[in-house]
Amino acid sequence: MRIFSFKQIVVLSIVLLFSSSSLLFAQQAYQGLMEGVYPMRIVIAETNPTATLYISSASNEIKFIGGCDLGNCKYRGVDTSMTLVFERSAEQITGRIQNGDGTSKPFTLEQVDLQSSFAAGSENTFWLRSYEDASKKHQLTLATLPGKQVKGFLYLVELGTSFSVSGTYKNNMLNLILEGAANKNVGTINGIIGKLNSTLGVAIILTLEGTETTFELALTKEMSLNCKEAAGRYDMVYPVLAGTSYSSLPSKLWKSMINEEEDYAHAWFEPTLFNEYMLSGWMHVEGSSGRKSESINLLRDKNHNFRQGKLLGGKRSRNELIERYKNSAVAQHPLHADEDFQVWASDLDLSAHTFTTEGMTLSSGLHPMYGQLQVIVPWRELPKNEGLPNWLTDSK
């Protein structure tokens, strides 16, 4: 048996002390994006059941305590109601941040060196795309948003109708809900985006009024959507409109979000028509004070906006047309018999407008209870439809 001298014991003790201290404080860092927008880093102490979360800024630290069991991890906030739930491997962690109100935000982070610079934000992963089948009887336009959300519309020639669609896009899979008049759910779309016969497209199953239809659509038009983010609380996904009458709109909306919203705010583009001739849709801004929307109606070949005044005729014909369609929309609304709804609807002027494949959409502002009253006036019923561009009249 070896007997150590006093000096050797002291040296060995110091080595063991530093080794255990190093092990105790060993850390691993993971970073990436939350909801595809917010730069995020999690630093996990290996032998100490703690984790530190940074969102958008390395100085914004949120402490958690918890641990992992066979790669399944759960950490609870020390001074917050938030919880981190994720699966962990040596190279990656994937999970979500759960808030105290029941909401959650997903994230996917890659392992990085502890000394690496903080993650860059808001990657160019958002897009706007239009798809169409060979017979041109079905048109699908989609815009991707934070949190793997999707907004857009579906046009069916056989019905002469556009439906608003919304849902999720994960791992190239689409799960969408179709909405008709008065925001009523009328069907679903399940599909997969990828290569179809060597061309990019989407294969979908449309369920409408209990009937399933399967068809394939080819990609016809595409553009990237820009993104801004700040402090893990504000984000905006928008089309690039440089050199057009709408070029200042994104910066104006961003400034209002930062200055006016106290808790959070999100802004996003929802298309209603997107082809080589026109980009039409809504820029929505939603925060603690509610939602507001501004329409975009851009003639892409001329880089200027497409005004409704030339299509609705004089003041008298305009008012008569809007009143007739408004009364029809009110009658179809689920709350049409409610007196308060009737008072609200009576004051609407439906002054906001966008365009769809089948006509002009006239819309009210968004009410927190009643939603948005919206009607589509077919091209053929517009008083001045002779002034429409050839690409519209030829397609009708």
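Which strands do the buried residues of α2 pack against? The views below, taken from a predicted model, lead up to that point and begin with a pair of strands.

**View 1. Strands β1 and β2 form a hairpin.** Here you can follow β1, residues 27-34, and β2, residues 38-45. The two strands pair in the antiparallel sense over 8 bridges. To find your place along the pair, look for Ala 29, whose bridge partner in β2 is Val 43. Between the strands lie 3 residues, and in this turn Glu 35 has a positive phi of about 60°.

**View 2. Strand β1 also pairs with β8.** β8 covers residues 104-112 and runs antiparallel to β1, with 6 bridges joining them. A handy landmark is Leu 33, which stands opposite Thr 108 in β8. β1 is mostly covered, with 6 of its 8 residues buried.

**View 3. Helix α2 spans residues 249-260.** Its 12 residues reach 16 Å from the first C-alpha to the last, close to the 16 Å expected at 1.5 Å a residue. Leu 249, Pro 250, Leu 253, Trp 254, Ser 256 and Met 257 are the buried residues of α2. Seen down the helix axis, they fall within an arc of 165°, so they line one face of α2. On the other side of the helix, you will find Lys 255 and Asn 259 exposed.

**View 4. The buried residues of α2 pack against strands.** This view returns to the opening question. The strands that these buried residues pack against are β16 (211-230), β17 (234-239), β18 (265-274), β19 (278-287) and β20 (290-299).

How values were computed. Residues numbered from 1 in each chain as written. Predicted model: local features only at pLDDT ≥ 70, side-chain atom pairs only at ≥ 80, totals over all residues. Heavy atoms only, no water. Buried < 20%, exposed > 50% of the residue type's maximum accessible area, 1.4 Å probe, protein only. Helix = DSSP H or I, 4+ residues; strand = E, 2+ residues; numbered from the N terminus. Pairing = 2+ DSSP bridges. Expected span 1.5 Å × (residues − 1). Arc of directions from axis to C-beta. Contact = heavy atoms within 4.5 Å.
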